[in-house]
Amino acid sequence: MFPSRGGLREVPCPGLISENKCTVLNCLFLHEIRRDRKRKLEHPQETERIKASQSSNASHPKSLGSRETKLSKVEKIAPSAQTTYNTKSSLARTGSTSSARTGSASSARTGSASSARPESGVSVAANTSGSSGPSGPSGSSHKSVPTGPTGPSGPGMDATKLAPTPVLPYGPATLQQRMSYLKVIQKALVAANYGLPNATAIQAEYDVASNSTKVTYPVNIRKLVAEIKTGKYLLDDSDEKEAAKKRLIRERLEKVVLDPKMLKKWSYIVDPVVPGTFDPHRIENCVRCGQEFSVADTKEVECRYHALKPVFKYDYVESKKIKTYGCCSEPAEQSQGCTLAHHHVFKLNGAADLASVIPFSPTPASNGPKWLFAAGLDCEMGFTSFGVELIRVTVVDWDTRDTVLDTLVHPYGKVIDLNSRFSGVHSLSDGIKDPKDGTIRPAVTFNEAREMLFQYVSANTILIGHGLENDLNALRIIHHRVVDTALMYPKFNPVFRLSLKTLAFRYLSRVIQDGEHDSSEDAIAAMDVVLKNIDTN
Ligand SMILES: [Zn+2]
Ligand SMILES: [Zn+2]
Ligand SMILES: [Zn+2]
């Protein structure tokens, strides 16, 4: 069967094959070979399949094969003989200084079915004097590429002949059909004042055609035309650069994820936990005043304590360093605390004890509907009749720094002290005001909170936080992908730890926790400390 007139454009030029040159004016045969480098790398098997179907479909299978071989030889022998014409640089929108988006991005946005596609830049072997290898194509002066980088610009100044670029082994429509769509695209580009409307239309139509099926092709063309009409086609490519940067940062973040075996060493709970039994009459030492008390004892007592630990400060009167409490500046020898509470409080530490109140749950193996690659996590805890319990959980997306989850949580035990000075939580019944729409979100149950968390966080999510074992224990989750700023910075040292406040000031010149803690602020600060370290190292 002899191919139709339009079909000739899919058949390699016989002159080019036999004599390495073609002298026919307006020759109807194919003169360009698209080099599917990207596709070869990503889908070697698919390339083989395409080659096979090319051989069976093309009129000169052997010739095509040998031409391809020659071309790749030239690439190896004399890469300088190759001139790459990338249409990207020439497809700028009129009046815009930004470079045009590549075809791959635009075709992705038009909802194409396949992600594998040839490079948008069309490469042609150019005959530069003397530099071409002996087997190089000596006379391939034909260039089917729309325009070179120095081509004309501005609407109506496009000398490129409007014709669809063949898609191998076969396109989603006949060349006649594609030509009619091409005209529609070109018309839309002219109307929307795009530069190089013909070249742009050819490239855009090719991107859609090479990524569409017979069924999706007209749909994707319509989407493309709609994008052109609304000015969304070929926007600034800064979001592409941003995506590349995002990928790089993700790779670096992966590298600082702590080894689960080592996490275990630093008191993270990483293995399944067999719950102990919670003894309601257990005797504990108050974590504030140190006094021994029975957990069952609910009558009011005097618990005097200092809210902050003692720190060394220089006393100018005494001309020496003295240890004073951070909360009240009283000397460390002072026996009486500056703060009075009416109940002693305690904290469960062992895994079995923690599990005796609420069992541990591993983060889900599969990713939920709103899954995050990485997230900052910060929990606030209060004192209850079951020790230290979760009262607020906040999750911030690593990629966007958006707070995706922030909710108050009703603990299981009876609330003794919300630890407002640190937690920033003054009441559980008031709920949290949504910063975006101002609505009040009431506190949820512990199980509801954990289910909400699992929509965003799976076992694959990298969780970032400061002293994250406390947060994970409060949530009773077992999680293995952790970046802990308390362990890692300024250098890896699990024993001597700096506060997040200190790290934020040192690395970010940011003052946090000036008053009460803000969960989102803390989660973001931890992520930013990590980012600062992986971005500069
Ligand atoms: Zn020819
Ligand atoms: Zn004090
Ligand atoms: Zn006490």
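Student: Why is R401 called partly exposed?
Tutor: This is a predicted model, and in it R401 has 22% relative accessibility. Buried needs under 20% and exposed needs over 50%, so R401 counts as partly exposed.

Student: What makes the backbone of R401 worth a look?
Tutor: Its phi is positive, about 60°, although R401 is not a glycine. Most residues other than glycine have a negative phi. You'll find R401 in the loop between β11 (387-397) and β12 (403-410).

Student: And why is R476 called buried?
Tutor: R476 has a relative accessible area of 2%. The cut-off for buried is under 20%, so R476 is buried. R476 also has a positive phi, near 55°, and lies in the loop between α15 (468-475) and β18 (477-478).

Student: Now the metals. How do you know which residues are the protein donors of the zinc ion (ligand 3)?
Tutor: Go by distance: a donor is an N, O or S atom within 2.8 Å of the metal. C286 (SG), C289 (SG), C303 (SG) and H344 (ND1) lie 2.2 to 2.3 Å from this zinc ion, so they count as donors.

Student: What makes the site of ligand 3 tetrahedral?
Tutor: The angles among its four donor atoms are 95 to 114°. Four donors count as tetrahedral if all angles lie between 85 and 135 degrees, so the site of the zinc ion (ligand 3) is tetrahedral. For comparison, the ideal angle for four tetrahedral donors is 109.5 degrees.

Student: How are the donor residues of ligand 3 spaced in sequence?
Tutor: The pattern is C-x2-C-x13-C-x40-H. C286 sits in the loop between β3 (283-285) and β4 (292-294), while H344 is in the loop between β8 (339-341) and α12 (351-357); this pair links parts of the chain 58 residues apart. Both C286 and H344 are buried.

Student: Why is the site of the other zinc ion, ligand 2, called tetrahedral?
Tutor: Its donors are H306 (ND1), C327 (SG), C328 (SG) and C338 (SG), at 2.1 to 2.5 Å. The angles among these four donor atoms are 91 to 116°.

Student: What are H306 and C338 said to tie together?
Tutor: H306 lies in the loop between β5 (303-305) and β6 (310-315), and C338 in the loop between β7 (320-325) and β8, so the pair ties together parts that are 32 residues apart in sequence. H306, at 14% relative accessibility, counts as buried, whereas C338, at 33%, counts as partly exposed.

Student: On to α9. How do you know that the span of this helix agrees with its number of residues?
Tutor: Helix α9 (residues 216-229) has 14 residues and should span 20 Å at 1.5 Å a residue; its end C-alpha atoms are 20 Å apart, so the two agree.

Student: Which residues of α9 are buried, and what puts them on the same side?
Tutor: They are Y217, N220, I221, L224, V225, E227 and I228. They cover an arc of only 155° around the axis, which puts them on the same side of α9. The face turned away from that buried side carries the exposed residues R222 and K229.

Student: What makes the bond between L168 and P169 cis?
Tutor: Omega is about 0° for that cis peptide bond. P169 is in the loop between β2 (122-125) and α7 (175-191). Y489 and P490 are also joined by a cis peptide bond, with omega about 10°.

Methods
Residues are numbered from 1 along each chain as its sequence is written. Chains are lettered from A and ligands numbered from 1 in the order in which they are written. This is a predicted model: local features need pLDDT of at least 70, side-chain atom pairs count only at pLDDT 80 or more; totals for chains, interfaces and linings use all residues. Side-chain values use heavy atoms; hydrogens and water are left out. Donors are N, O and S atoms within 2.8 Å of the metal (3.2 Å for Na, K and Ca); water is not among the atoms, so sites may look incomplete. Four donors count as tetrahedral if all angles lie between 85 and 135 degrees; four count as square planar and six as octahedral if opposite donors are over 155 degrees apart and all others between 65 and 115; anything else is irregular. Helices (H or I, at least four residues) and strands (E, at least two) are DSSP runs, numbered from the N terminus. Buried means under 20% relative accessible area, exposed over 50%, partly exposed in between (1.4 Å probe, protein chains only). The expected span of a helix is 1.5 Å times one less than its number of residues. The arc is that of the directions from the helix axis to the C-beta atoms.
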